[in-house]
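Me: I would like to learn how to read features off a protein model. Please go through them one at a time.

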Amino acid sequence: MPKTIYHENDNLLKITGLKNKAEDTFINDATVTATVFDANGDALTGETWPISLAYVAESYGDYQGTIESAVVTAGNTTGTVTIVVSTPAGHYSETVCDLVFADRKCETTAATQTIDIVNAANSPKAMSGDEG
């Protein structure tokens with residue numbers, strides 16, 4: 001199911017519970033980045049990509065970063081976010097998630113939208129140590 005990015009709003013991108021499935025351990029020391037693309041595969045303007053997602057202190061593999069409101073989503077209805085994870089142990093994962101770009105509705109008043117990507121790089125192939 002696509003995640004929603006709201007036009008002209010800060011959007012919080014969260015990864016929850018990043019884990020090395022082969023070792024059954026949470027990954028708290030990864031470098032995590034994200035890039036948002038339009039439906040044509042072009043990176044959106046208004047940001048220097050990729051953005052970094054910082055480890056959330058004392059969490060179990062949680063990372064977050066902000067897609068700033070300056071990112072130009074107008075004129076787009078769909079796109080993708082590519083999340084890249086690399087670890088000091090040499091593991092690498094690249095995950096692509098579908099996005100929908102939309103206007104914020106009147107009933108929604110929060111200044112920042114949270115986009116949860118649960119276990120985005122938590123696949124046996126991605127973090128098993130088989131990839132280099």
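Me: Where is Asp103 found?

Reply: Strands are DSSP runs of E with at least two residues, helices are runs of H or I with at least four, and both are numbered from the N terminus. Asp103 is found in the loop between β9 (92-102) and β10 (112-118). A caution on the source: this is a predicted model, in which local features need pLDDT of at least 70 and side-chain atom pairs count only at pLDDT 80 or more, while totals for chains, interfaces and linings use all residues. Residues are numbered from 1 along each chain as its sequence is written, and side-chain values use heavy atoms, with hydrogens and water left out.

Me: Is Asp103 buried or exposed?

Reply: Buried means under 20% relative accessible area, exposed means over 50%, and partly exposed is in between (1.4 Å probe, protein chains only). Asp103 counts as exposed because its relative accessibility is 51%.

Me: Which residues does Asp103 touch, leaving out those up to four places away in sequence?

Reply: A contact means heavy atoms within 4.5 Å. On that basis Asp103 touches Tyr6 and His7. Asp103 and Glu8 are 95 residues apart in sequence, yet their C-alpha atoms are 8.3 Å apart in space. For the protein chain, 67% of the contacts between residues at least 6 apart in sequence join residues at least 24 apart.

Me: Which strands pair with β7?

Reply: Two strands pair if DSSP finds at least two bridges between them. Strand β2 (residues 10-16) pairs with β7 in the antiparallel sense over five bridges, and Leu12 has Thr66 of β7 as its bridge partner. Strand β6 (residues 51-55) is also antiparallel to β7, over two bridges; here Ala54 has Gln64 as its partner in β7.

Me: Which residues of β7 are on its covered face?

Reply: In β7 (residues 63-67), the covered face has Tyr63, Gly65 and Ile67, and the uncovered face has Gln64 and Thr66.

Me: How many cavities of 30 Å³ or more does the structure hold?

Reply: Rolling a probe the size of a water molecule over the atoms shows where empty space is left. A cavity is a set of points, on a 1 Å grid over the protein atoms alone, where a 1.4 Å probe fits but cannot get out; lining residues have an atom within 4 Å of a point. Grid points are joined across faces, edges and corners, and the volume is the space filled by probe spheres set on the points. The structure holds one such cavity of 30 Å³ or more. The largest cavity has a volume of about 30 Å³, and its lining includes Tyr6, His7, Glu8 and Ile67.

Me: Why does Glu58 count as exposed?

Reply: Glu58 counts as exposed because its relative accessibility is 78%. Asp24 also counts as exposed, at 54%.

Terms used
1 Å grid on protein atoms, 1.4 Å probe; cavity = no way out; pocket = protein on both sides within 12 Å on 5 of 7 lines; lining within 4 Å.
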